[in-house]
Amino acid sequence: DRLAEGVTSITGDSSAFAALEDAGEVVTWGNAECGGDSSSVADRLVAGVTSISCNGSAFAALKDAGEVVTWGDARYGGNSSSVADRLVAGVTSISCNGSAFAALKDAG
């Protein structure tokens, strides 16, 4: 029932999906290891998300203040803790390939 209305986009990787609702909340399902379980970052996905990117086995959400939240397989960028201090604000877009993410910041 959570996806009955208000979904603005759905994106999927090899084994999971993420839906973006109009209030900026993210709902995930599918293979937990590939991002179908976002419970480790769920508190950061309840509002303010403007877009979701994915690659082979991970997701990256861009929030309205320029923060990036990642989840899924760490080998594919699902764990961005090593660069987390650079992703808390100022990101304007996210690009991805089959196994990684790159964030473009407002300062270039």
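Modeller: Let's start with T70, which sits in strand β6. Keep in mind that this is a predicted model.

Biologist: What makes T70 count as buried or exposed?

Modeller: The relative accessible area of T70 is 9%. Buried means under 20%, so T70 counts as buried.

Biologist: Which residues does T70 touch?

Modeller: Leaving aside neighbours within four places in sequence, T70 is in contact with V41, F59, A60, G77, G78, N79 and S80. To be listed, a residue needs heavy atoms within 4.5 Å.

Biologist: How do you know whether T11 is buried or exposed?

Modeller: T11, in strand β1, has 18% relative accessibility. The limit is under 20%, so T11 counts as buried. Beyond its neighbours within four places in sequence, T11 is in contact with A16, F17, A18, I52, C54 and F59.

Biologist: And V7, what is that one called?

Modeller: V7 lies in strand β1, which spans residues 7–12. Its relative accessibility is 32%. Buried needs under 20% and exposed needs over 50%, so V7 is called partly exposed. V7 also belongs to a nonpolar surface patch with L3, I10, F17 and W29, and together they have about 410 Å² of accessible area.

Biologist: Why is the contact between R44 and E67 called a salt bridge?

Modeller: The closest N and O atoms of R44 and E67 are 2.8 Å apart. The cut-off is within 4 Å, so the pair qualifies as a salt bridge. R44 lies in the loop between β3 (26–30) and β4 (49–54), and E67 in the loop between β5 (58–63) and β6, so the pair ties together parts that are 23 residues apart in sequence.

Biologist: Why can side chains pair like that?

Modeller: Side chains of opposite charge can pair when their charged atoms come close.

Biologist: How many salt bridges does the whole structure have?

Modeller: A search finds two. Besides R44 with E67, the side chains of R75 and D73 meet at 2.7 Å, N to O. That is also a salt bridge, because the value is within 4 Å.

Biologist: What are the labels for R75 and D73?

Modeller: R75 has 68% relative accessibility, so it counts as exposed, the cut-off being over 50%. D73 has a relative accessible area of 13%, so it is buried. R44, at 32%, is partly exposed.

Biologist: Are C34 and C96 buried, exposed or in between?

Modeller: C34 has a relative accessible area of 10%, so it is buried. C96 is at 40%, so it is partly exposed.

Biologist: Which residues touch the most other members of the largest nonpolar core?

Modeller: They are V26, L45, V49, I52, F59 and W71, in a core of 14 residues. The elements that give two or more residues to this core are β2 (16–21), β4, β5 and β6. A second, separate core of six residues includes A60, L62, V68 and V91.

Biologist: What about Y76, where is it found and which label does it get?

Modeller: Y76 is in the loop between β6 (68–72) and β7 (91–96). At 26% relative accessibility, it falls between the limits of 20% and 50%, so Y76 is partly exposed. Not counting residues up to four places away in sequence, Y76 touches N55, G56, S57, A58, G98, S99, A100 and F101.

Key. Residues are numbered from 1 along each chain as its sequence is written. This is a predicted model: local features need pLDDT of at least 70, side-chain atom pairs count only at pLDDT 80 or more; totals for chains, interfaces and linings use all residues. Side-chain values use heavy atoms; hydrogens and water are left out. Patches are made of residues with over 30% relative accessible area and no salt bridge: like charges are joined within 9 Å, nonpolar side chains (Val, Leu, Ile, Met, Phe, Trp, Tyr) within 5 Å. Accessible areas come from the Shrake-Rupley method with a 1.4 Å probe; for residues, only the protein chains shown count as cover. Helices (H or I, at least four residues) and strands (E, at least two) are DSSP runs, numbered from the N terminus. Buried means under 20% relative accessible area, exposed over 50%, partly exposed in between (1.4 Å probe, protein chains only). A nonpolar core is a set of buried Ala, Val, Leu, Ile, Met, Phe, Trp, Tyr and Cys residues joined through side-chain atoms within 4.5 Å.
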